[in-house]
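Student: Could you help me learn to read a structure, one feature at a time?
Tutor: Gladly! Let us look at it together.

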Amino acid sequence: MQDPFPSHARGPRPQGLTLPRIGLYGLLVVAALFFLLPAYVMIVTSFKSMDEIRAAQIFALPHMLDWSAWSKAWSSACAGVNCTGVSVGFFNSVKITIPATILSVLLGAVTGYALSFWRPPGSKLLFAAITIGGFIPLQIFLFPVVRGTAALGLYNSLAGIVLVHVIFGLPLTTLLFRNYYASIPVELFKAARVDGAGFWRIFVSLMLPLSLPMLIVAGLMQMTGIWNDFLLGLVFAGRDNLPMTVQLNNIVTTTTGQREYNVHMAATVLTAIVPLVAYFVSGRWFVRGITAGSVKG
Amino acid sequence: MADPSAARSPASGPARSGATGRLRLPVAALAALAPAWLIILVVYLGTTVWTVQLSLTNSRMLPSNEFAGLAQYQRLFGTARWSISIHNLVTFGIVYVLGALVVGSLLAIAVDRRVRFESMWRTVFLYPYALSFIVTGLMWQWLMNPEIGIQATMRAAGLGWFTFDWTTRPDMAIYAVSLAGIWQSAGLVMVLMLAGLRGIDADLWRATRIEGIPMWRTYLTIVLPQLGPSLATAFMLLTMGAVRTFDLVVALTNGGPGQSTEVPAKFIMDSLFARQDLGLATAGATVMLVTVMAIAVPILYARDIWARRRSGRL
């Protein structure tokens, strides 16, 4: 796969430490503050007591590291009468994200492979339809898909929400793999054909090992996308499987009486941790996913 | 992004390539594509047809088959909340898309100018894009909360005039949503623009320096036009995102104060589930679909021509 960023920048070469150069670093620092400040405020506030929060010094560090808001956010914060914290949502999100990511990546890989190398009749039409399909707003699908999953007995179930994620992940994953396979020399495929290998044999022993980078990229994009989803989880997961994002929003918005900002912010940070860790660990792969998948809406 | 299929001549389709010496239908490949066909035909096409069809009936709480022409659309555009939602979306869309494009492009140019710790800056600017809109919305809700947020801090520090209470003001709340959206998406634009900037000939800078052309003019008149495809991609992704905006509003303002941040996607969701008005919901969704397609199809088409022209030249 082509690296979207060559090892060094291509912009104009700097001429020593000039005034514009200082201005440039000034701009970068201001921008970095703008992007980091909200996260900083969230993290420090989650360690403060409510008295400290009311003192209205959001940029100040907490007097002491008080983890009580974190444990409350994790295990006992209330959404209405439901006082389970975000932990239930966390495990629901894990149960949704893992199978949905694996299935949608595999489906995208198989579909992209068939479209790229085998091209049975109708392939062009199918790929065009998948590309266009990626742009259709989810609101169009909701009522019929609710009806459909209900008829199949999958509405408000774990299997239902996983299926829905696989369905709506199809455009992105297919596009990623189809474009990736287009960069693999077709001679490789032809040689395998001459050796007598069939569709699945070539896929499993040749293409899958070759597409390890794209398996990582697509897996990463799907994982963060599914973890961060709110709309589908809200509609299809059902009360017993609500993902973390939905539960977080319920906890924050249904509070009655005093708002415990420290608990709410700890819960928010907890919800953000999984995609953030994925982002910081994967770095470059995440960027590749964005540039490779940017054809989709 | 070049069309990858252009790299391979259409006649080299392996099924007909003669590698096996026989002309036969690749049954396994057809079977492997069956799930994709099923999803496309049943879910994408089938439900779209169903939704559009429902919008042309007199359905209310329950689906009905009685054809009603454009009555639901008349009712939709006669609903004040829908008109307000559209109006809000236009304001939000313009501020959010332009804001993210400008901020993201500036960041890309800054990062591209051989700065130290380039990957650190990039990481900092892009991380919000990995977050859920719910997380982003809640973060900014608290920052703009007049009692505990930035305003309270500044006033406690003696700056009594300082005001940052957009989420509580009907005239400013939509800009609060835009600001949070820009914060989340500027990094995406930076990544796309940076990928474009890296494709620009390094000799350009030496040439313009010799010619004495100022930096800003080089960027504006020479570099920017070359970034057309990157800009088009960023514009399309942002616009699509703007039209679909739902979770960000739910977490940040929940449509308020009053109806000042109601948006069409939320209107449709509320019509569907809270008010159970199927006719309004499906008509609204159809309007959304037409809007999205009117924006996406021409851009997709233009980019396709671009890619073909480029690969034809090479």
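Student: How many of the 25 residues of H7(A) are buried?
Tutor: A word on the source: this is a predicted model, where local features need pLDDT of at least 70, side-chain atom pairs count only at pLDDT 80 or more, and totals for chains, interfaces and linings use all residues. Residues are numbered from 1 along each chain as its sequence is written, while chains are lettered from A and ligands numbered from 1 in the order in which they are written. A residue is buried if 20 or more other C-beta atoms lie within 10 Å of its own, exposed if 12 or fewer, and partly exposed in between, with C-beta atoms placed from the backbone. In H7(A), 22 of the 25 residues are buried, which leaves the helix mostly covered.

Student: What span should helix H7 of chain A have?
Tutor: Helices (H or I, at least four residues) and strands (E, at least two) are DSSP runs, numbered from the N terminus. The expected span of a helix is 1.5 Å times one less than its number of residues. Helix H7 of chain A, residues 158-182, should therefore span 36 Å, and its end C-alpha atoms are 35 Å apart, which agrees.

Student: Where does H7(A) have a kink?
Tutor: The bend at a residue is the angle between axes fitted to the seven residues ending there and the seven starting there. In H7(A) a kink of about 50° lies at Leu170(A), shortly before the proline Pro171(A).

Student: How many residues does each chain bring to the contact?
Tutor: Two residues are in contact if their C-beta atoms, placed from the backbone, lie within 7 Å. Chain A brings 85 residues and chain B brings 96 residues. On the side of chain A that touches chain B, helix H1 (residues 19-46) gives the most, with 10 residues.

Student: Is Met144(B) buried or exposed?
Tutor: Met144(B) is buried, because 23 other C-beta atoms lie within 10 Å. You will find Met144(B) in the loop between helix H6 (133-143) and helix H7 (150-156) of chain B. Leaving aside neighbours within four places in sequence, Met144(B) has contacts including Phe164(B) and Trp166(B).

Student: What is the phi of Arg114(B)?
Tutor: Arg114(B) has a positive phi of about 50°, although it is not a glycine. Arg114(B) sits in the loop between helix H4 (80-112) and helix H5 (118-126) of chain B, and counts as partly exposed because it has 15 C-beta neighbours inside 10 Å.
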